[in-house]
Amino acid sequence: MNIIRNPERSEWAKIVERPHLDTTELNETVAAVLADVKRRGDDAVKGYELKFDHVDLPTLEVSEKEMEEAEKLVSADLKAAIQLAHYNIKTFHEAQHFKPKKVETQPGVVCWQKSVAIQKVGLYIPGGTAPLFSTVLMLATPAKIAGCEEIVLCTPPGRNGKVNPAILVAARVAGVSKIFKAGGVQAIGAMAYGTESIPKVYKIFGPGNQYVMAAKQQVSLHAVAIDMPAGPSEVCVIADEQANVEFVAADLLSQAEHGVDSQVMLITTSEQLILDVQAEVNRQLDMLPRKEIAQKALENSRMVLVKDKQEAIDLSNAYAPEHLIIQTHDYEKLAAKVINAGSVFMGAYACESAGDYASGTNHTLPTHGYATTYSGVNLDSYCRKVTFQHLTEDGIRSIGHAVELMAEAEQLEAHKNAMTIRINSIK
């Protein structure tokens, strides 16, 4: 990790930069695959599954027989863990239900909102080096609570043509409607446009590699909504001289092992902590099965020494991390000053892994600085707010003339007339 000591604020823009990739060629490849899926449907999806995932699929949908087989392949202990996580995620997201309230803005003018579930949602679950069955729980559970009528899941199959059994078990627990063997760009295209097998959805959720992210952004321009723009995963740890060095190093590495393009950052007021964490990171790194991935991510990562905790929180807010861990003795005071972060973990024992799996909060979060403008996935992500208004004769008397004047000033005579004829009808 790169060590930066007491940087001037003018240098912060450089410090908070994420790794840059030239995506010109990538975007052209993605656009070509999307166009092919739109044109050829299932045949295109199957062709790309053979090309990229090296599996020849006679059908795309996961069968009931495969679901039952998966139940037998997942251990009782793992099933219990999935059930526990699902319960906590469900409990947390059920508390987010919208409570409508009617408001009389003027005599005879009443306005209100109603929360309506998005009817059809698509969930993308990566396979690859880490089959993220936890993400199934994070995405499908709030969709079910919201009342989405159709919850479609796409995930790449293994070389044996089957989906990871833990993904299937989690999907059943969380209430997924249909599951399809499709990964990468072709899965995003299938859910965006619809194929003979895979239904078109109205909004797509879920993480993925740079190709998946590019595909989501491209289809969002004209075909379907997406949860959020996203980049590689990241964590920022703010720690003081009292922080547990082993905990800090473990938290940094838990994020670094996600992928070679991940990034981690330590911000601290203690020079000694930097030296101790650096040594501990190297010690723990040697024990990791995904050592090479984590090591590559650490090359993009930084340890920053700052003069005080106010500067630490200011730098973190400038970075706007996906995950923020505050391991200081006054973590509550610092947490109150957080403006930009996807999810905040407070105190020595709140490791990011808790939120990734089982505390109940959602782990689908804005990355790449998007925490300045986007929330993580929550119950509202699966809903729309429809507004209503009701006017009586008193309402026309209250606001009618103002509407006439404003419409006339904007030279929209038909707008004015719609109100004028109502005013005249009640005189």
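Two strands count as paired if DSSP finds at least two bridges between them. In this predicted model, strand β12 (residues 323–327) and strand β13 (residues 343–346) meet that test: 4 bridges join them, and they run parallel. Within this pairing, Ile 325 stands opposite Phe 345 in β13.

From β9, move to helix α11. Strand β9 (234–239) is among the elements that cover the buried residues of α11. The cover also includes β1 (2–5), α10 (245–256), β10 (263–268), α12 (291–298) and β11 (302–305). Helix α11 takes in residues 271–285. Its 15 residues should span 21 Å at 1.5 Å a residue, and its end C-alpha atoms are 21 Å apart, so expectation and model agree. At the start of the helix, a side-chain oxygen of Ser 270 comes within 3.4 Å of the backbone nitrogen of Gln 272.

Which residues of α11 are buried? They are Leu 273, Ile 274, Val 277, Glu 280, Val 281, Gln 284 and Leu 285. Viewed down the helix axis, these buried residues fall within an arc of 135 degrees, so they line one face of α11. The spacing has a simple basis. An α-helix has 3.6 residues a turn, so residues three or four places apart point the same way.

Next, the nonpolar cores. In soluble globular proteins, nonpolar side chains tend to be buried together. The largest nonpolar core in this model has 38 residues. Val 121, Val 136, Val 176, Ile 179 and Tyr 382 have the most contacts inside it. Two or more residues come from each of α4 (64–73), α5 (76–94), β4 (120–124), α6 (133–146), β5 (150–155) and α7 (165–174). The largest share, 8 residues, comes from α6.

Take Ile 179 as an example. Beyond its neighbours within four places in sequence, Ile 179 is in contact with Leu 60, Glu 61, Val 62, Met 67, Leu 153, Leu 168 and Ala 171. Another core, of 32 residues, lies apart from the largest one. Its members include Leu 57, Tyr 124, Ala 187 and Val 219.

Lys 181 sits in strand β6 (residues 178–181). Is Lys 181 buried or exposed? Its relative accessible area is 7%, so Lys 181 is buried, the cut-off being under 20%. The side chain of Lys 181 reaches the backbone oxygen of Gly 161 at 3.0 Å. Leaving out residues up to four places away in sequence, Lys 181 touches several others, among them Glu 49, Glu 66, Leu 57, Thr 155 and Val 163.

Glu 404 counts as buried because its relative accessibility is 13%. What does Glu 404 contact, leaving aside its neighbours within four places in sequence? The partners are Lys 416, Met 419, Thr 420 and Ile 423. Val 169 is 235 residues from Glu 404 along the chain, and the C-alpha atoms of the two are separated by 60 Å.

Note on methods:
Residues numbered from 1 in each chain as written. Predicted model: local features only at pLDDT ≥ 70, side-chain atom pairs only at ≥ 80, totals over all residues. Heavy atoms only, no water. Buried < 20%, exposed > 50% of the residue type's maximum accessible area, 1.4 Å probe, protein only. Contact = heavy atoms within 4.5 Å. Expected span 1.5 Å × (residues − 1). Arc of directions from axis to C-beta. Polar contact = N/O pair within 3.5 Å; in protein donor to acceptor, adjacent residues only side chain to side chain. Core = buried A, V, L, I, M, F, W, Y, C linked by side-chain atoms within 4.5 Å.
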